[in-house]
Amino acid sequence: MRYEYKLKKNNIIMKTVLNVVLIACIGLLAYICYGSIMGPIKFDEERAKRERVVINRLIDIRKAQVEYRTANQGVYTASFDTLINFVKTQKIPYVAKEGVLSDEQLEKGMTERKAMSIINKAKQTGNWREVESEGLTNFRRDTFWVSVMDTIFPKGFNADSLRYIPFGNGAQFEMTTAVDSSSKSGVPIYLFEAKAPYEIYLNGLDHQQIVNIKDYAIKLGRYPGLQVGSIDIPNNNAGNWE
């Protein structure tokens, strides 16, 4: 009797242990399955969040480069020091407009340049008859010089941040310029690009996921990261997310 009781007790203990192990295994499998599903989802969510910030910074770089090009005979700069100094210290023309030319005036050959010539002549001579006869009394085009910082960026913008890749722990954007002279007209086309690789702004996220999206981009012949402009093909400074 004592032996049977002991055997029965051992069987109960073994069943209990097996049940605990089984439950633990089920829990582990559930956790692995959950991780395999939620891992990529969380990665994509964080990637999208970071890329929105990086894209905004690239757009800021593009805005600064476009203004720099306008003020410097059509060329861009490959130097962040130069670009940031331009944003901080330089001024660009701003045209305040009042009034528009009517269809009738346009049909008669009036242009904005001609209209301003008539108005400027009147300012110099004090004779406003032609201005009145041409119907330009309320037409104005006044040019003011305003700072780059105040014109293209919001109040409180930190120009020094232009060079840094968000979430990059101090890493800087790669910025390059080039000249394309292969056009049929022979007129040189000035180009620039700024880019941030996946492994920089996604640093700290799942390494294998980063490797996967990088390999996928390379297979498609795309830059493995975010990029604005191109020194290979004129693209009107488009971003590769657009």
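1. Contact here means that heavy atoms lie within 4.5 Å. Among contacts between residues at least 6 apart in sequence, 64% join residues at least 24 apart.

2. A word on what you are looking at: this is a predicted model, in which local features need pLDDT of at least 70 and side-chain atom pairs count only at pLDDT 80 or more, while totals for chains, interfaces and linings use all residues. Residues are numbered from 1 along each chain as its sequence is written, and side-chain values use heavy atoms, leaving out hydrogens and water.

3. Let's start with the overall layout. The protein has eight helices and five strands; helices (H or I, at least four residues) and strands (E, at least two) are DSSP runs, numbered from the N terminus. Of the 242 residues, 31% are buried (under 20% relative accessible area, with a 1.4 Å probe and protein chains only).

4. Now find helix 2, residues 80-89, where Phe80, Leu83, Ile84, Phe86 and Val87 are buried. Why do they sit on the same side of helix 2? They cover an arc of only 155 degrees around the axis, taken from the directions from the helix axis to the C-beta atoms. At the start of this helix, a side-chain oxygen of Ser79 comes within 3.3 Å of the backbone nitrogen of Asp81.

5. Three strands make an open sheet in the order 3-4-5, with antiparallel pairing; two strands pair if DSSP finds at least two bridges between them. Strand 3 (174-180) and strand 5 (225-229) are the edge strands, each pairing on one side only. Strand 4 (residues 189-197) and strand 5 are joined by five bridges, and Lys195 has Gln227 in strand 5 as its bridge partner.

6. What holds the most contacts inside the largest nonpolar core? The residues are Leu58, Ile61, Val87, Leu162, Phe173 and Tyr201, in a core of 35 residues. A nonpolar core is a set of buried Ala, Val, Leu, Ile, Met, Phe, Trp, Tyr and Cys residues joined through side-chain atoms within 4.5 Å. Helix 1 gives the most to this core, with seven residues. Elements giving two or more residues include helix 1 (2-71), helix 2 and strand 4.

Notes
Buried means under 20% relative accessible area, exposed over 50%, partly exposed in between (1.4 Å probe, protein chains only). A polar contact is a pair of N or O atoms within 3.5 Å; within protein, one must be able to donate a hydrogen and the other to accept it, and residues adjacent in sequence count only if both atoms are side-chain atoms.
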